[in-house]
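These are my notebook entries on a structure that I had not examined before. I set down what I looked up, in the order in which I looked it up.

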Amino acid sequence: MSELADPVRRSRRHSIVQRILHLDVQLITALLLLSGVGLAILYSATNQSLDAVHNQLMRMTMAFTAMVVMAQIPPDALRRWSPLVFLGALALLVLVLLVGTVGQGAQRWLDLGLVRFQPAEVMKLAIPMAVAWYISMRPLPPTLLQVFTAAVAIAIPTGLIVLQPDLGTALLVSASGFFVLFLAGLRWRVLVTALLSFAALIPVFWLFLMREYQQQRVLTLFDPERDPLGTGYHIIQSTIAIGSGGMFGKGWLNGTQSQLEFLPERNTDFIFAVFAEEFGLMGALQLLALYLFIIGRGLYIAINAQDTYSRLLAGSLTLTFFVYVFVNIGMVSGLMPVVGLPLPLVSYGGTSMVTLMAGFGILMSIHTHRKLWAS
C-alpha cells in the first residue's frame, strides 16, 4: 500500500503547486537545476569569487520572483494587456534615445536612481504578446496585409534598438515576432518572399546600418587569424578552450584558459567555453540535453495551450529561448558572429535573466490556467 501511496502523494503535491502557485513542476525543476549549474561554473569562471556568486544568486532570486508573479496572471488578462504593454515598451525605447544613460559606447539604459533599467529587454515579451494578440483575433493563416502590419510593428522597435546600438537584442526582438507569424501558419510564398527581400537588403544593411566594429565581427567569423590579437582574439581563445576540454574535460576549477585569464568575457558571453574546457564533450552534451528538455517542455505547453493567443505566445517564447542558446553556443564555437547574447541562466548578468524568467512565468500561467479551465 505504501508503494501505491507514494505516487498518489507526489501527484497531490504536483497538483497543489500547479493549482495554487500556478507553477509547472517539470519546468521549474529543470530551471533550478540549470541555475545551480550556472552558479557552479560562474564560481570557476570568476576565479572562485564568492561575491560574484552572491550577486548572481540575488539576481536569480529576482528573476524567479518575476517568474512566480507572471505565473499568477491568467492568459486572458495578458491578452487584454498586450497592446498597452507594447505601446508602453515602445515609449520607453523612444525615451532611451532622448535621455538614456550612455555606457560602453551604447545608449541603452534608463537611470532610475537605485538601478539602471534596459527597456529593450521588455520588448522581448511585448513584441510576441502584441503580435500574438493581433494575429489571434483574425482567421488563420494570416493574410499578406496582416503579415505586413505585424512586420511593421516588429520593425519599429527593432530599428530603435539597433540605433542604441544593440544588435543582439534587436535580433531576439525581431525573431520573437517572426516566430509568432511562422507559428500562425505563414504561407510559404510569403516566407520565401520575406527571405529574398531580406537577402536583397543585406548590402544596404552592411553599408549604411552596420557599424565598423560589427562589420569586423562578421569578417572575423570567416577568418579569425586575420587579426589574432584584436577582433579574432575572443574566438581563437574560445575555440582553444573548447577543444582542450577533450572528451571528459580538465575538471571543475582546473581549466587553464579561464583560470590563467587567456579567455576574455569568460563569466558572461563566453562562459560556455569555460564549461566545455572543464567538463569536456560529455559535460557539454549533458548541458545541451538540459536546455533541450526545457525547450521541449515549452513546446509541449504551446501545443496543449487552450486558445490561439496562448499557443502563439508560448511557442514564440520557447523558440526565442532556443535562439538564446543556439546563438550563444554558435558564436562561442566560432560558427556565428559575436553578437553579445548571454547563455541563459549560466552567464553572469541580471536584466536579460529577469526577462527570460518572466517569459517562463507566462508559459507556466498558460499551462496551469489551462488545466483549471479544462477541469
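Predicted model: local features only at pLDDT ≥ 70, side-chain atom pairs only at ≥ 80, totals over all residues.

Entry 1, glutamine 146. I located glutamine 146 in helix H6; helices here are DSSP runs of H or I with at least four residues, strands are runs of E with at least two, and both are numbered from the N terminus. Glutamine 146 has a relative accessibility of 12% and counts as buried. For this term I used a relative accessible area under 20%, with exposed meaning over 50% and partly exposed in between, for a 1.4 Å probe and protein chains only. I then listed the contacts of glutamine 146, leaving aside neighbours within four places in sequence, and found Tyr134, Arg138 and Pro139. Contact means heavy atoms within 4.5 Å.

Residues are numbered from 1 along each chain as its sequence is written, and side-chain values use heavy atoms, with hydrogens and water left out.

The buried residues of H7 include Gly168, Leu172, Ser176 and Phe179. H7 (residues 167-183) has 17 residues and reaches 24 Å between its first and last C-alpha, close to the 24 Å expected at 1.5 Å a residue. The expected span is 1.5 Å times one less than the number of residues. Just after H7, I found glycine 185 with a positive phi of about 95°.

I read 21 of the 25 residues of H13 as buried, and the helix is mostly covered. Its end C-alpha atoms are 36 Å apart, in agreement with the span its 25 residues should have at 1.5 Å a residue. At the N-terminal end, aspartate 307 caps H13, with a side-chain oxygen 3.1 Å from the backbone nitrogen of tyrosine 309. Just after H13, glycine 334 takes a positive phi of about 80°.

Which residues are linked with Asp307 in a network of salt bridges? I found Asp76, Arg79 and Arg80 in that network. A salt bridge is a side-chain nitrogen of Lys or Arg within 4 Å of a carboxyl oxygen of Asp or Glu, and by this rule the count is seven. Aspartate 76 and arginine 79 meet at 2.3 Å, N to O. The two are separated by about one helical turn because they are three residues apart in helix H4 (residues 75-99). Aspartate 76 is partly exposed at 31%, and arginine 79 is partly exposed at 23%.

I next examined lysine 250 and glutamate 277, which form a salt bridge with their closest N and O atoms 3.1 Å apart. This pair links distant parts of the chain, 27 residues apart: lysine 250 is in the loop between helix H10 (233-244) and helix H11 (256-259), and glutamate 277 is in helix H12 (residues 271-303). Lysine 250 is partly exposed at 29%, whereas glutamate 277 is buried at 0%.

A further salt bridge joins glutamate 261 and arginine 266, with the closest N and O atoms 3.6 Å apart. Glutamate 261 counts as partly exposed at 49%, and arginine 266 as buried at 16%.

Notes
Polar contact = N/O pair within 3.5 Å; in protein donor to acceptor, adjacent residues only side chain to side chain.
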